[in-house]
Amino acid sequence: MAPNILTLLWLLGITAALSAPAYDIFDYIDPFIGTINGGHVFPGASRPFSIAKAVADVSNPDEKQGGFASDNSPITGFSHMHDSGTGGAPSLGNFPIFAHAGCAGNDLNRCAWRKADRATLRTNGTARASPGYFAITLENGVSTAVTVAERTALYKFSFPAGGDSERVILLDASDLPDSRVSAKLHVDPDSGRITASGTFHPSFGIGTYKTYACVDFSSAVARTGVWVNTRAETGVQTVAVEEDGVNLSPPLPAGVFVTLAANTDSVLVRVGLSFVSVAQACGNAEREIPDFDFDRTLAAARAAWREKLEVVSITPGTASAELQTVFWSGLYRSLLSPQDYTGENPLWESDEPYYDSYYCIWDSFRSIHPLLNVVAPKDNVKMVRSLLDIYRHEGKLPDCRMSLCKGLTQGGSNADVVLVDTFLKGRSADVDWELALEAMISDAEDEPANWSVEGRGGLKSWKELGYIPTDDFDPYGVGAITRSISRTVEYAYNDFNVHTLSSALHPDKPTPYLSRSTNWRNMFSPTTRSLNYTGFLQPRYTNGTFGAQDPRFCSPALNFTSCYLNPSGSETYEGSSWLYTFYVPHDHASLISLLGGRAAFISRLQTLHTTPGLHYLGDEQAFLTTYQYHYAGAPHLSADTARSYIPAQFNASAHGIPGNDDSGAMGSFVALAMIGLWPVPGQDVYLITPPFFEQVAVRNGVSGRTARVVSRGAGRYVVSARLDGRVWTRNWVTHGFWVEGGTLELMLGDTPGKWGTGEADVPPSYSPAGMAHMG
């Protein structure tokens, strides 16, 4: 070929590269994934871990946990704080705001004030969302856009042209679950500033919390007043409501309002938030958004998201746009919670960070916090410090916490796992690890008066019998005497975590915790049969005899909804004995042996995943089972299983997750799965499977170094691997890979080979016999 032709082709290539549009991760983030069919994802305007989370709220009681839902149900208002992906009752959504284009005949009493009356359908196809932004148009002609700072929401209401009625904007003294105890709202007749304070109940816990709001308008107001039930009046500036014993669900509707001139095209409404005081809510608003600049606030929100997300980069290769959307959207949702309440905690004075909306750690310890240790380690360390400060001032670590209140404990003391996971993956000097050990020993040794909201119950039986009996006698604290199987296996792993931290800090000091970590065996009934397999965890009584619970019970195949957190709940929580029999994260070698060896273990695990109705990935305790084939020397089956769920159950549709997102648990699962290194929480182990992309790179927030996982060749199975050029036969790596940086090259093929199958290649298992290490 002639040199001038070569030069021309080279120049054309350079020109094409320069003209190609830059890869923008925002193009692959869809906040509406999981906003229907029980996903309960919050799709509104937020910043990473921010308090302010603003969105339109729907009326559907089954879908409004995240505020908005893609179900075409009516919109009752716009509120400024939400949790994301939670089950059960909705939370937060305090002091919603609603805009009317006008009242008929300019008569205030012909406007709709109560939620049920003002609920308005959306105009189809108008909902829009991206990081830091949400917008929608309602059939009353009012269009709303919203962006946020950390503790302030900024709305832009645009009104339809025409009409001679004043615009009306109301503030409602309610919340999403209608849990209000009391509230006081005031509107200044000159400036139009609205201040609000109220006391509410948490959605999955005990006690009450107070919250405050401060609302300002970008243009002058015409009239001001209050409304109660269906009537409104000017000339009154304050309304106060409290429990009356009659108006229960909902409490008596009430609030305040302002009107704007009839020719008002649009108005900006700034809502400052605080959990400390009205003055602090106003101060937050004035400091964060002093000039009502919507575009600048949105740009800052988007910049905050880019800073967090761009530590990760991918080379898509042949991955479809949908798979890229699934990945980036999952990563995005993983950074919504916990929420940074630092400076907004009225319960105690402290210089430590304070995070809230740990909703719940039973969900988040399995994937959210392990992901944060990879992509946002500094944030996760602050969360750990927050957990320890809660222990310092309240005497126990939480297992769930929301709105400054103690949340319900679903199983074990799983903040223990979060602490150890963070210790093993950084040992940050910013954390008081001796205090962490003290807190974990408190969980293991000291039963609290109310173990429904902290710590563990049944500890006398745990220590003396070596399991939680189904007929436990526990006069030492209160809690639901249920979940004996799932609590036993979780307590066993919690004790292993206590041992891990204790032995690291005090290697010469003996403790009982490694021995107690074997207590899961005491619930194993070797004669129980199900689907041609023998040996499952079963209920066990104080006299040592076994009860009977069908191992399929609490799976979609049998009484799926019979195992929730209530007095009549069963002996497994939100899952079957088929599932919980696999939950021995620290000693797979013993589990595999107990279940009949590698081949039998693999067969049983395949049966779990492939039998219709037996397995449900919509609850987080199911996550690890996707990858447990690694421990039996069959990493190719982990790869197969991950791809059987993605994109079948994790996709880019509005119903594109299999269950509640649970503060980003489903999002973090799919992000980690697609990266190709699955973390075993509470251990320094990442299980290797092929990433869904040609390359994934993560820049470590502590060391600044970049780790890369690179796929070479076609196929879905790893046939060989190299770590920084060295042959790597193990099917796992440690956290050092992420911190030190480097390249993990995975050579792929269509047929599984011998890679990762040897006895020396599987991850470690631990037992009291000399802390046996396999791998």
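Colleague: How much of the protein counts as buried, out of its 775 residues?

Modeller: First, this is a predicted model, where local features need pLDDT of at least 70 and side-chain atom pairs pLDDT 80 or more, while totals for chains, interfaces and linings use all residues. Residues are numbered from 1 along each chain as its sequence is written, and side-chain values use heavy atoms, leaving out hydrogens and water. Buried means under 20% relative accessible area, exposed over 50%, and partly exposed in between, with a 1.4 Å probe and protein chains only. On that scale, the buried part of the 775 residues is 61%.

Colleague: What radius of gyration does the protein have, next to that of a compact globule?

Modeller: The globule rule is 2.2 Å times the number of residues to the power 0.38, and the radius itself is taken over C-alpha atoms. For 775 residues a compact globule would come out near 28 Å, and the protein agrees with that, at 27 Å.

Colleague: Which share of the contacts between residues at least 6 apart joins residues at least 24 apart in sequence?

Modeller: Contact here means heavy atoms within 4.5 Å. Take the pairs at least 6 apart in sequence, then ask which of them are at least 24 apart: the share is 70%.

Colleague: How far apart are the centres of the positive and negative side chains?

Modeller: Lys and Arg count as positive, Asp and Glu as negative, with His and the chain ends not counted. Each charge is placed at NZ of Lys, CZ of Arg, CG of Asp or CD of Glu. There are 58 positive and 79 negative side chains, and the two centres are separated by 4 Å.

Colleague: Is His80 buried or exposed?

Modeller: His80 sits in the loop between strand S3 (75-79) and strand S4 (97-100), where strands are DSSP runs of E with at least two residues, helices are H or I runs of at least four, and both are numbered from the N terminus. Beyond four places in sequence, its contacts include Ile51, Lys53, Asn94, Val271 and Leu273. Because its relative accessibility is 0%, His80 counts as buried.

Colleague: Which side chain makes a polar contact of 2.7 Å with that of His80?

Modeller: A polar contact is a pair of N or O atoms within 3.5 Å; within protein, one must be able to donate a hydrogen and the other to accept it, and residues adjacent in sequence count only if both atoms are side-chain atoms. The His80 side chain also reaches the backbone oxygen of Phe95, at 2.6 Å. The side-chain partner at 2.7 Å is Tyr155.

Colleague: And His369, which side chain does its own side chain make a polar contact with?

Modeller: His369 belongs to helix H7 (residues 368-375), and it counts as buried because its relative accessibility is 2%. Its contacts beyond four places in sequence include Pro338, Tyr358, Met383 and Asp421. The polar contact, at 2.8 Å, is with the side chain of Asn380.

Colleague: Where is the cis peptide bond with omega of about -5 degrees?

Modeller: Ser249 and Pro250 are joined by a cis bond too, but there omega is about 5 degrees. The bond joins Tyr359 and Cys360.

Colleague: What is the phi of Asn559, which is not a glycine?

Modeller: Asn559 lies in the loop between strand S24 (533-537) and helix H14 (577-580). With 42% relative accessibility, Asn559 counts as partly exposed. Its phi is positive, at about 50 degrees.
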